Amino acid sequence: MTTRREFLQAGGALGGALVIGFNLGNELLAQDRGGAPARGATAGPPDARQVDTWLAVHADNSATVYIGFAELGQGNSTALLQIAADELDLEMSQIKTFRLDTNVTPNQGGTYSSASIARGGPQIRTAAAEARLALLQMASKNLGSSIEKLSVSKGVVSVIDTPGRSVTYGQLVGDKLFNIPFTGSAPVKSASAYKVVGSSVRRNDAPDKVRGTYIYMQHVRLPGMLHGRVVRPRGQGAYGSGAKVLSVDETSIRSIPEARVLRRGDFVGVVAPNEWDAVRAAQQLDVKWDRPATLPGNARLFEQMRAETTQDRVVSEKGDVAATFGTAPHVVSQTCRGPYQAHAPFGPNCAIADVRPDSATVICSTQDIYTLRTGLTRIVELPAEKIRVQYYEGSGTYGHSCHDDVAQAASILSQLAGKPVRLQFMRWDEMGYDNYGPAHIGEVRAAADADGRIVAYEYHGWQHNWSNVETSAQLTGTAPAERPGSAAQQVSPLNLGSMYDVANLKLVNHAIPSLKYLKGAWLRSPLDLSFSFASEQAVDELAHLLKMDPYAFRQRNIKDPRWLGVLDAVAKAASWTPRLAASGSSGAKIVTGRGIAVGTHLASYGGAVAEIEVNKETGRVVAKHLYGAIDAGLAVNPGNIENQISGQLVQTASRMFKEEVTFNTTNVTSLDWNGYPILRFEECPQVTAVVVQRMNERSSGAGEEVMAAAAAAIANAFFDATGVRMEEYPMTPPRVLASLGKAK
Amino acid sequence: MASELQIRINDQLRKIQSAPDTPLLYVLTDELNLQGPRFGCGLGQCGSCSVLVNGVETRSCMTRVAAVDGKSVTTLEGLPAWYAAQKKLARTPNLHPVQQAMIDEQAVQCGYCFNGMIIKASELLSKNAQPSESQIRTAMNGHLCRCGTYPRVLKAIQNAAQAMKAVTK
């Protein structure tokens, strides 16, 4: 959210003074005149057990909420303010949020796993309730009336039935600190008392974003800064191999006299006062690299993965899977493969660092300011309390793109240059050094009895873990390493079989060695598209085997009312009529199909229907209409979730039809939008988004919860159109033609 | 190296200090502090840096500043005034109708691509007041969005066309 001060600094249509990152110090000093240390004066995280950490009430009867979650374009800052506004009895116009800053905002953990509303919402709600109770106690004294006789509207506390007697929040607190503990014991309002929660309040960032006055990370400037660029071999190699400098010829940029080469170990960069000089110097600098040929390349990827010696773990097991498969009348199996895919933010990541001998300020678009700060202590060799990390929204990131890498790299360049450095990654840096969503192999078996009930389910998944060391750190000497284990990097019990009422189930994870592959991390709905592509095709195949409509088959096998709820909601939106899949297959050149599926990422429920068109001569597949339904419990801002569903459906189409990281035995080769095409306007499907509102259920995530279902619905629609199961995506024309040819 | 270049930017004549071979994008962002055009790929593939040059959508990352010497460059910031001049309106509106429609449709997610989306859509509607859906898709096909806002952008452009028709009457 852009503050008024920034808006003024951003200037008019001919841009006068542009934003300076350090205006917020003054703004904060203007608050908190109560004698306490000024907010932001010391390193955080501020004490989460103090109400003042979470919000401030100003003399003008407005409030600021200090939220520990980043606005990544998903609209969470608007929704979290809705929660606070209702709890505080304020209008949306009276309340604003504050950009993340390790000196100011609380540590609520990183902004991932669609956690802003799920995890942050209850914290903001209880903190606001605590503040409201304190304000009512102050008002009670001020007005000489018991709390029971007070009512609040728009931050004005009045004595009921005595309209003349009132006092405002601003008069009661007016920029002073509350100085009360956050006990979490203040009563929160019931859903029936919500005024703005549950309504589609317009996003607070949209006007500035369409006007050009929104300040993205890429717009931030510091006085006296240099422009930096990194110099790396184009496209990463195997994570464990890294890249080694053989020689750097500084005379190669002699024609750009203002540019300087900076180097620490195998980390090479250039800086210059003028941005274009830095861009040219980075491209012109002659660096010889040692690049070992240690990757399998796309051609041998899945073969090598499947042949690896793996670390195996039974993630989930119940009943007697082996015996049930032995006796069940209907058994299907399916092996599927999903590619490496890139975050590929539309604007490559950018950061500014000002590293001095005794302190550092790093401005960037990280998903997690506090974890980044910890990592920076090793990069700049300063203790955490001497490092301040500030967040500005960049281009959408969809997970762990290069935002931490660019922040580390800017810090290294600034430390070496002795000046603030703004580092903008080039397109090939971002595409070539991403932490890709890992490739996956899924082998699934499912069995049903004669009545069409699923009786056994088994899934084996192969993929590598996420990486834990960013490229910049690695180039300066930190050994590459895997992340310590976490549930999200292995086959997901939430998304594989568990939505069905199956008595016998087994999920096995086969972890392959990370260091021989590409650097990996969480990409929106991590691995879920691959899981669902395999799993929900197998379920669909069972329905086909049983000659049942795929929607009716799922209805029969789901007990959980919330899974049934999204399934029914999406089927209704798509006007689903019962029919056996692939029963309309024809010899026509262009055929159409529809598919249905369910899936999730974490705690929410997703359902999707796809209507697609397949050109059997060219192999081109186009989604014509995608429908998606999400039950995320209490939908704080349903309109915003509809927008999220719409985006997830389009992004899923892109990932199912287009996206694949390409690489040979030495390095990644998909380095721009030609090498890594994404869905464009002409191929964009019509979308229908359905929010299943559950006012009395706890809110869960909505930013990535329908992608798994949509991916599988597309695959099932392909089967409906052609009678052929796709075993690998993206469903590009050559792959589609090969599958159709194989089936003939 | 100072150049002798002069460009009319958002209706103001500006002398340019940057070297003539500098891409227009860096002149707009670093020398003139504009926020509309922004770096996306530097390769002319995505539309992030788009501006209007004499009313024609142009990728500023691939255009040397010398190539627009003496021409008129309109950025996102100058779009309402550009529209007012085109329509001979007495007053410059707060927003171009395409911008207003993007807000009304709540089309934005991260919004980073919206500079290019709005510039391109404004160019389209200046040439073709009532484009068909297929014409809109074709015109916009060179502008990427990673958040997947295309369906709402499409609707917003259609709504903007309707709003502009009302203005003309």
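In the predicted model, the centres of domain 1 and domain 2 of chain A, taken over C-alpha atoms, are separated by 35 Å. Domain 1 of chain A spans residues 4-211, whereas domain 2 of chain A is made up of two segments, 218-292 and 354-432. Contact between these domains involves 19 residues of domain 1 and 23 residues of domain 2. On the side of domain 1 of chain A that touches domain 2 of chain A, nine residues are nonpolar, seven are polar and three are charged.

Chain A also meets chain B, in a contact formed by 48 residues from chain A and 52 residues from chain B. Elements of chain A that each supply at least two residues to the side touching chain B include helix 7 (206-211), helix 8 (275-284), helix 18 (638-657) and strand 24 (686-691). Helix 18 of chain A contributes the most to this side, with six residues. By class, the side of chain A that touches chain B comprises 21 nonpolar, 18 polar and nine charged residues.

Burial was examined for helix 16 of chain A, which covers residues 550-557. The buried residues in helix 16 of chain A are Pro550(A), Tyr551(A), Phe553(A), Arg554(A) and Asn557(A). Viewed down the axis of helix 16 of chain A, the buried residues fall within an arc of 160° and therefore line one face of the helix. An α-helix has 3.6 residues a turn, so residues three or four places apart point the same way. The cover over the buried residues of helix 16 of chain A includes strand 19 (454-464), helix 15 (528-545), helix 17 (561-573), strand 21 (590-599) and helix 19 (707-722) of chain A.

Definitions and conventions: Residues are numbered from 1 along each chain as its sequence is written. Chains are lettered from A and ligands numbered from 1 in the order in which they are written. This is a predicted model: local features need pLDDT of at least 70, side-chain atom pairs count only at pLDDT 80 or more; totals for chains, interfaces and linings use all residues. Domain bounds come from an automatic or database domain assignment. Two residues are in contact if their C-beta atoms, placed from the backbone, lie within 7 Å. Ala, Val, Leu, Ile, Met, Phe, Trp, Tyr, Cys and Pro count as nonpolar, Asp, Glu, Lys and Arg as charged, and the others, Gly among them, as polar. Helices (H or I, at least four residues) and strands (E, at least two) are DSSP runs, numbered from the N terminus. A residue is buried if 20 or more other C-beta atoms lie within 10 Å of its own, exposed if 12 or fewer, and partly exposed in between; C-beta atoms are placed from the backbone. The arc is that of the directions from the helix axis to the C-beta atoms.
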